[in-house]
Amino acid sequence: MKKISLVLPVVISLAVALPVGAKAHASEQNVTNSVYATNEVSMTNIEIQNKLNEISNKYKVGEYLSDEDANFVRMYASQPTNVKDNTITPMLAKTITGNKSYGNVALSGSVTVDVGVINNSINGNVVTKDNKKLYHSDLGSVIELRCFGVFGEGGSKIGLVYSQDYKKTTPNSNYNKQNVSDNFVASVAYYTVDVRGIVDGNTF
């Protein structure tokens with residue numbers, strides 16, 4: 001098995017889809033997507049992750065992706081195996097970094113996905129807290145894992161083979177810690193992991 005670690009910085013303050021009027025800033029490096037559109041389109045890392053989330057949530061486990069969605073997944077999702085011969089190949093650890101903020105709420109932690117031929121696991125420790133110790137109606141985090149497999153001759157088709165949200169919130173709190181440890185069986189060729197904080201019913 002090869003472990004792929006997705007590590008958030010020690011302290012990350014994130015801000016996405018929060019109440020109007022909230023002050024937020026984000027800096028993301030642009031990347032080029034030459035597969036998803038006829039002409040090259042510049043996309044930020046956040047836009048890529050949002051698109052992967054959109055694709056993942058369109059399908060049920062066992063359904064094939066459209067050719068357009070499959071091409072996007074091939075380009076941007078993590079790939080733990082060699083799709084051509086289904087052998088495990090070395091892969092460097094991936095690190096999630098960023099400089100985003102929303103008020104005083106911070107998200108920090110790490111998530112590790114261990115992918116084998118069919119036996120896989122996910123482990124994570126994520127903390128959400130208000131640095132000024134202000135209380136919120138709810139505070140927490142969600143870890144969204146989506147796994148895709150290849151089907152057909154030469155892996156011509158891609159389908160969703162595993163989907164799970166790991167969510168924990170604490171009501172009337174200024175601190176939340178989520179520990180995740182789970183095993184699952186699936187033949188995984190591509191996968192995505194999205195870690196977001198939850199505050200007062202909003203995700204960031």
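Me: Is Y64 buried, exposed or partly exposed, and what is its relative accessible area?
Reply: This is a predicted model. Buried means under 20% relative accessible area, and exposed means over 50%. Y64 falls in between, so it counts as partly exposed, with a relative accessible area of 46%.

Me: Which class does F151 fall into: buried, exposed or partly exposed?
Reply: The relative accessibility of F151 is 32%. Buried would need under 20%, exposed over 50%. F151 therefore counts as partly exposed.

Me: How many aromatic pairs does the structure hold, and of what kind is the one formed by Y64 and F151?
Reply: The structure holds three aromatic pairs. In the one formed by Y64 and F151, the rings are 5.4 Å apart, centre to centre.

Me: How many residues apart are Y64 and F151?
Reply: Y64 sits in the loop between α1 and α2. F151 belongs to strand β11. The pair links distant parts of the chain, 87 residues apart.

Me: Is the pair of Y162 and F184 stacked, tilted or edge-to-face?
Reply: Y162 and F184 are both buried. Y162 lies in strand β12 and F184 in strand β13, so their pair ties together parts 22 residues apart in sequence. The centres are 4.2 Å apart, with 10 degrees between the planes. Planes under 30 degrees apart count as stacked, so this pair is stacked.

Me: Which strands are the edges of the open sheet of four strands?
Reply: The order in this sheet is β12-β11-β14-β15, with antiparallel pairing. An edge strand pairs on one side only. That holds for β12 (157–173) and β15 (202–203).

Me: Which residue is the bridge partner of I198 in β15?
Reply: Strand β14 covers residues 190–199 and runs antiparallel to β15. Two bridges join these strands. The partner of I198 in β15 is T203.

Me: What angle does helix α2 make with β12?
Reply: Helix α2 (residues 67–76) packs on the sheet. It touches β11, β12 and β14. The direction of α2 makes an angle with that of β12 of about 70 degrees.

Me: Why do the buried residues of α2 lie on the same side, and how wide is their arc?
Reply: The buried residues of α2 are D69, A70, F72, V73 and Y76. They lie on the same side of α2 because their arc around the axis is only 160 degrees.

How values were computed
Residues are numbered from 1 along each chain as its sequence is written. This is a predicted model: local features need pLDDT of at least 70, side-chain atom pairs count only at pLDDT 80 or more; totals for chains, interfaces and linings use all residues. Side-chain values use heavy atoms; hydrogens and water are left out. Two strands pair if DSSP finds at least two bridges between them. Contact means heavy atoms within 4.5 Å. Axes are lines fitted to C-alpha atoms, for helices over the stretch in contact, and angles run from 0 to 180 degrees between N-to-C directions. Buried means under 20% relative accessible area, exposed over 50%, partly exposed in between (1.4 Å probe, protein chains only). The arc is that of the directions from the helix axis to the C-beta atoms. Rings of Phe, Tyr and Trp (its six-membered ring) pair if their centres lie within 6.5 Å; planes under 30 degrees apart count as stacked, over 60 as edge-to-face and the rest as tilted.
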